[in-house]
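Please read the points below alongside the coordinates and the sequence. They are meant as a colleague's note, to be checked residue by residue.

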Amino acid sequence: MTKKAQGRFKIPFFLLTLFILVLLGTAAAFLVGCINTMPQFDPNVLEQQNATSTVYDTHGEIFARLHAEENRLPVDLSKVPVELKQAFIATEDIRFYQHFGIDPKAIARAAWRIISGRSFEGGSTITQQLVKNAFLTQEQTLKRKVQEAILALQVERRFTKDQILEMYFNEIYFGHGAYGVQAASRTYFGKDVSELNLAEAAFLAGLTKNPSRYSPFDAFENCQARQRIVLDNMVRAGYITEAEAEKAKNQPIQIRSVQGTTNRPAPYFVDYVISRLVENLLPHYGSEKAVYDAIYRGGLNIYTTLDPAIQQAAEKVLLDSLPPGEKDKNQILQPQGALVAIDPATGDIKALVGGRNYNETKFNRAVQALRQPGSAFKPFVYTTALTQGWSPGSVIDDAPTVYNGKEWPNNYNHVFRGLTTLRTGIEGSINVMAVKLMEKVGVDNVISTTEKMGISTLVKSGAYNDRQLALALGGMTSGVSPLEMASAYGVLANGGVRMEPSPVKVVKDSMGNIIWERKVTPQTVLSPQVSYLMTDMLKGVITRGTGGSASIVGRPAAGKTGTTTGNNDVWFVGYTPDLAAAVWIGSDAKEEGSSTYLSRHGIGSGLPAKIWGRFMQLALANTPVRDFTQPSGLVKVTVCNKSGLLPGNFCPTENLVTEFFVRGTEPTTPCDVHVTATVCSETDELATEYCPHPTTKVFIQRKEPYAIRSDGKKPLDAVLEVPTKTCSQHTTPPVASIEMYICPDSGELATQYCPNAELKLFVPGQEPKDICHLHGPDSYPAVPNNSNNTNNDNGNGNGNGQRGNRFP
């Protein structure tokens, strides 16, 4: 039994030994492989110069260079406040001064995360982060982790802890082109890093985890949440007390920039290029940090869509035309403005201006500002109707309405036009018609059309959402950017085909290899017929409607004005066959209890319309004039503009209009709005059988009644409606009468001696009985007696009167 037991014991021991040897051999082979493929450690790499990236315009000409040194301000460690050092150490590497380049505890924790398949991140010391940026790629693999650890050990042997920390502080990226703590402090707080307090130090330390997500300019709330985490880490590390942490959490953070001015051309456009590159190059480089490193250090060649002539026109016209304005509480001049121009056929962004002064404010209003579009949203409602078979000649009643007990909406001019065609409705920007039309075609259908055309910011669920009739007037929950408005209108200019807007065509690395190229994928979202009809209607906005200021001499154009309540936002969005552009003007924020500059000075959508027209005139100066191409499948039909139907027998000539229809949607029945009715010529009420002069006239007859307003306002065509009251003056048969000569002096029956006798009518029984006592034979010569003349016409046209004797 003992021998058998011993035999059973030896076999597992042998297998275990063999397993351990194989495991060690595999690990050794893996380690050798990591070392053999690892970049050679060179201390000079940590201080080497960065390669400049070059930005080209649409013609392939250089117009900008990007280099990290543009916003890198090296600083000695002695000038970095202790609070900032502690914030980074507590958050990034709590045992920085104890370990030798790697932290075994952190590595064990990271290894478990890797084995469990949760993440390859974590476990990196400050030293490891430094060597990763200097020597390695951002690849998230176990091999890269091992190489990172080996290089970190070598760095620790070569440099002191303070030297490593100083290099780290001058190397790390904080977003918005700021490399190093000094540049970040200047960028976000407008002060030297040595002046940072605890709250600001913790705020800055929180940004490096994800510079885009925690951008103070774009996501301040995220930054504050991250700051709290850093402060809590400092408490756990024993650097500060809980009371100090709470005080710092409640301390206001003022974000502002006092960086030196930049003469970089089209700075807002370049910023947008960089933001899109971060998104597009992320799969190639593996992390945002790696993408930023490539942009500012990697010598990339970035080929953009910018047209320098169009960009120059955009900047000149916008900045020259904005009102003088006034400084807000942040010392930023208001109102601000934005202009975006896109080639509708390609989606190329030809020009982009995001504000008055890039050195004063880097907030890119052309892309980042979500503003209420006002009536500039209405084309989406009308386009939806056209897709459902409506036409420019279809009719909506612009008349008073009540929704949920409220007299709403009102038109901007406080006038209701009555039965009106869609063409006139969009030209005059009639609010009532837009709301009624949305109600008829369906809110969700309008939202669907709008999203297909390129608007991505509609809110469709939650307590506050856009599935409401107010959307017809541009009342959006979140708002919309000028870029998306220009792109969406560009769908109409491009015959219903949507092209995703892009500022970049292709990106090459420093060796000339293409690492990213835009893939153009046209999407047909509207029929060419619907696009042409909507365009034809929007052309009328400029030639006859609210957008007259946008007129471009000698060039067909289409567009729409937009104004929000109190003139807080004013827009013009429009297009020609070659260029679509959006112009927005407004204040960044409206202070509670006060009105904006635009509101106080009565500046409306006429200003952006004028800017749009001037810009397009310059931008297209060298582009041949052409009109929008009319597709097949359209027919012209004359209709009545009160019914939208074929002319009937009673339709007045002035109510006939000729409109485009998609073939198959044209009307086939005659007008049923114009009708005739017989009225009294004296009262204009419906005639009775007793009215002396009845006449037949043409009227309109509404299908639905309009609401009765408290102020008594009615549609202008209410006077043309069929009367509802019957003549109140002629309700009984006429009464017989007697004509008699009366002496005007006595009021009695005239004699042959009365000199001025008058013939008067009397109801029988009410005539005078006495003979004039004033005039007798002694007064005047006798007047010939014609008392026997009689006539059945009483002079009133009723033919049933009686004439009495002239003299008794």
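This is a predicted model: local features need pLDDT of at least 70, side-chain atom pairs count only at pLDDT 80 or more; totals for chains, interfaces and linings use all residues.

1. Residues are numbered from 1 along each chain as its sequence is written, and side-chain values use heavy atoms, with hydrogens and water left out.

2. The mean pLDDT (the predictor's confidence in each residue, from 0 to 100) of the chain is 87, and 85% of its residues reach 70 or more. Over residues 1-10 pLDDT stays under 50, and the model has zero contacts there beyond four places in sequence, a contact being heavy atoms within 4.5 Å. Over residues 782-808 pLDDT likewise stays under 50, but for these the model has 53 contacts beyond four places in sequence.

3. Helix α8 (residues 198-205) is largely enclosed by the rest of the structure, because eight of its eight residues are buried. Here buried means under 20% relative accessible area, exposed over 50% and partly exposed in between, with a 1.4 Å probe and protein chains only; helices (H or I, at least four residues) and strands (E, at least two) are DSSP runs, numbered from the N terminus. The cover over the buried residues of α8 includes α2 (82-92), α7 (181-189), α9 (220-236) and α10 (242-249).

4. In strand β17 (residues 569-575), seven of the seven residues are buried, with D569, W571, V573 and Y575 on one side and V570, F572 and G574 on the other. Strand β16 (residues 558-563) runs antiparallel to β17 and is joined to it by six bridges, and strand β18 (residues 580-586), also antiparallel to β17, is joined to it by seven; two strands pair if DSSP finds at least two bridges between them. K560 stands opposite V573 in β17, whereas the bridge partner of Y575 in β18 is A580.

5. E721 lies in the loop between β22 (694-700) and β23 (738-742) and counts as partly exposed, because its relative accessibility is 21%. The side chains of E721 and R702 are joined by a polar contact of 3.2 Å, the term denoting a pair of N or O atoms within 3.5 Å, of which, within protein, one must be able to donate a hydrogen and the other to accept it, and residues adjacent in sequence count only if both atoms are side-chain atoms.
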